[in-house]
Amino acid sequence: MTTTDVEPEPKPAELAAGTDDAAAVKGRMINAILLPIVSMIAIFVYVYNISRVFLAGGTDASVIVGSIVTLAILGGAALISASPRLRTSSLVMVLAIALLLVMSAGLVTLGASEEKKGAGSGGGYKQPTGPGVNTLSVDAVLPFDAQQYTAPAGINQIVYVAKESPHTLVFSEAKYAGFELKVNTVGKNDQGKVDLTPGTYTIYCTIPGHRAAGMVATLTVTAAPGGTPTTTGATTTTGATTASSGSKTP
C-alpha cells in the first residue's frame with residue numbers, strides 16, 4: 001500500500017506574511033516612480049524661483065543671495081547629519097518650509113526679473129524715431145527724489161539713473177502702455193524714448209510695495225518750445241550752446 005504525500009495547507013500567519021510582502025513590493029515600486037517625479041518638480045520650482053531672485057537683484061545682490069543660499073544648504077545638511085533620530089515628518093516639514101520661502105521670494109521679485117524686449121520697450125512698445133527735444137532724468141531711488149517733473153511736448157529721452165536697484169519706471173496712462181525702464185544694478189542706467197503730448201501723467205515703479213512707499217510722481221508736459229534740445233533736471237551742452245531747465249519740484 002502506497003502512501004501519497006499531501007502538501008500541508010499554509011497557515012494563516014504564512015498567508016498574512018505573503019500579503020505583506022506583496023504590499024511592500026508594490027509600495028517600493030510606487031516610490032521608485034513617484035520620488036524621481038516629485039524630486040524633479042521640486043528642483044524645477046527651486047531653480048526657477050531662485051533664478052528670478054538673481055535676475056531681479058543684479059550682479060552684487062546675486063552674489064550675496066547665492067552665498068546665503070549656499071550657507072543655508074550646507075548648514076541644513078550638517079544639521080540633518082547631526083540629528084540621526086530626526087523623524088521623516090519633521091524633515092519633510094522643514095523642506096516644505098524652505099521651498100515655500102523660495103517660491104515667495106520668486107513671486108516678490110517677479111516684476112523686476114522679467115526680461116525686457118529692449119530699452120523702454122516692454123510689452124511690445126515701439127519707441128518713436130527721430131531726435132529728442134529733451135532729456136528727462138529720473139533717479140531710481142525709494143522714494144522718488146521729486147513728486148513733480150516737467151518736460152516739453154515731443155520726443156523725450158527718459159534716463160532712469162540707477163542709484164538703487166531693482167526698480168522700474170512706467171506710465172499709468174494707457175496710451176503709453178508697454179513703455180518700461182528697468183534698473184537691476186547700481187550704476188547701470190536704463191533709458192528710452194517716448195513721444196509726449198501736453199498734459200499731466202503719472203510715472204511709478206511696478207515693484208510690489210514701491211509705489212505705495214513713494215515711488216510715484218507727476219509728469220507735467222508743456223507745449224514744445226523752439227530752439228536747442230534741453231535736459232530737464234540737469235545742464236547739457238549741445239554744440240556750442242548750453243541750455244538748462246529746472247524740472248524737478250521736490
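## The nonpolar core

The largest nonpolar core has 28 residues, and Y149, Y160, F171 and L219 have the most contacts inside it. Here, a nonpolar core is a set of buried Ala, Val, Leu, Ile, Met, Phe, Trp, Tyr and Cys residues joined through side-chain atoms within 4.5 Å; buried means under 20% relative accessible area, exposed over 50%, and partly exposed in between (1.4 Å probe, protein chains only). At least two residues of this core come from each of β1 (134-139), β2 (148-152), β3 (154-161), β4 (167-171), β5, β6 (190-196), β7 and β8. Strand β8 gives the largest share, three residues. Strands are DSSP runs of E with at least two residues, helices are runs of H or I with at least four, and numbering goes from the N terminus.

L219 is in contact (heavy atoms within 4.5 Å) with L136, Y149, T150, A151, F171, L196, G199, T200 and Y201, leaving aside neighbours within four places in sequence. In soluble globular proteins, nonpolar side chains tend to be buried together.

Residues are numbered from 1 along each chain as its sequence is written, and side-chain values use heavy atoms, with hydrogens and water left out.

The average pLDDT (the predictor's confidence in each residue, from 0 to 100) is 74, and 66% of the residues score at least 70. Residues 115-122 have pLDDT below 50, yet this stretch has 22 contacts in the model beyond near neighbours in sequence. Over residues 234-247 pLDDT also stays under 50, with 27 contacts beyond four places in sequence. Where pLDDT is low, the predicted coordinates should not be read in detail.

H210 sits in the loop between β7 (199-204) and β8 (216-222). H210 counts as buried because its relative accessible area is 14%. Beyond four places in sequence, H210 touches L142, P166, H167, C205 and M215.

Then there's E180, in strand β5 (residues 180-183). E180 has 16% relative accessibility, so E180 counts as buried too.

## Out on helix α1

I37 is part of helix α1 (residues 12-81). At 40% relative accessibility, I37 is partly exposed.

Definitions and conventions. Predicted model: local features only at pLDDT ≥ 70, side-chain atom pairs only at ≥ 80, totals over all residues.
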